[in-house]
Amino acid sequence: RMHNKAKEYFDKAVSLNPKLDLKNKNKVKDKSTDDFQYALHEFSLEIERNPNDPLPYFNRGLLYELSGKNNEALQDFDQCIKKDSTFKIVNFYKAQIHKKTKNYPMAEKEVEVYLRFFPADKKALLLATEIKKLLGKK
């Protein structure tokens, strides 16, 4: 349910500007596309306009994550959670990035934080199990 909410946030942010059509994630993954640059620009402008709003940081972080810019995504996700500590979906995305980059201890920490608030989230439970296996835990 929280993953759907995150997608809704991203889609809503994108829908605020009719020129911004990012429904095809493959286009977004190619950092050289006009769509990626335009979306990045729009989310960055929104951050400048509303620096205390966590949502533009989250949305730009998703964009970075979709395009494989993990460090930038983590920085934006950190800013998002700093602006609103209840924005726990960020911990799930951070866990995914840490798993992807083989930083399994951090991945475990982030998914555990997320699961404290959403203990029945099946995707997060699966992610936690995968991380534990990678860490050699049962």
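**Figure 1. Burial and pairing of Phe 77 and Tyr 93 in the predicted model.** Both Phe 77 and Tyr 93 are buried, where buried denotes under 20% relative accessible area, exposed over 50% and partly exposed the range in between (1.4 Å probe, protein chains only). The model is predicted, with local features requiring pLDDT of at least 70 and side-chain atom pairs pLDDT 80 or more, whereas totals for chains, interfaces and linings use all residues. Residues are numbered from 1 along each chain as its sequence is written, and side-chain values use heavy atoms, with hydrogens and water left out. Rings of Phe, Tyr and Trp (its six-membered ring) are paired if their centres lie within 6.5 Å; planes under 30 degrees apart are stacked, over 60 edge-to-face and the rest tilted. In one of them, the rings of Phe 77 and Tyr 93 are tilted, with 6.0 Å centre to centre and 40 degrees between the planes. Phe 77 belongs to helix α5 (residues 70–83) and Tyr 93 to helix α6 (residues 89–100), 16 residues apart; helices are DSSP runs (H or I, at least four residues), numbered from the N terminus.

**Figure 2. The pair formed by Phe 92 and Tyr 114.** This tilted pair has a centre-to-centre distance of 5.6 Å and 55 degrees between its planes. Because Phe 92 lies in helix α6 and Tyr 114 in helix α7 (residues 104–117), the pair ties together parts that are 22 residues apart in sequence. Phe 92 and Tyr 114 are both buried. Ring pairs join Phe 58, Phe 77, Phe 87, Phe 92, Tyr 93, Tyr 114 and Phe 118 into a cluster.

**Figure 3. The largest nonpolar core.** A nonpolar core is a set of buried Ala, Val, Leu, Ile, Met, Phe, Trp, Tyr and Cys residues joined through side-chain atoms within 4.5 Å. The largest has 28 residues, and those with the most contacts inside it are Phe 58, Phe 77, Ile 89, Phe 92, Tyr 93 and Val 111. Two or more residues come from each of α3 (34–49), α4 (54–66), α5, α6, α7 and α8 (122–134). Helix α6 supplies the largest share, six residues.

Figure 4. Asn 70, Ala 73, Leu 74, Asp 76, Phe 77 and Cys 80 are the buried residues of α5. Cover for the buried residues includes α4 and α6.

Conventions: Contact = heavy atoms within 4.5 Å.
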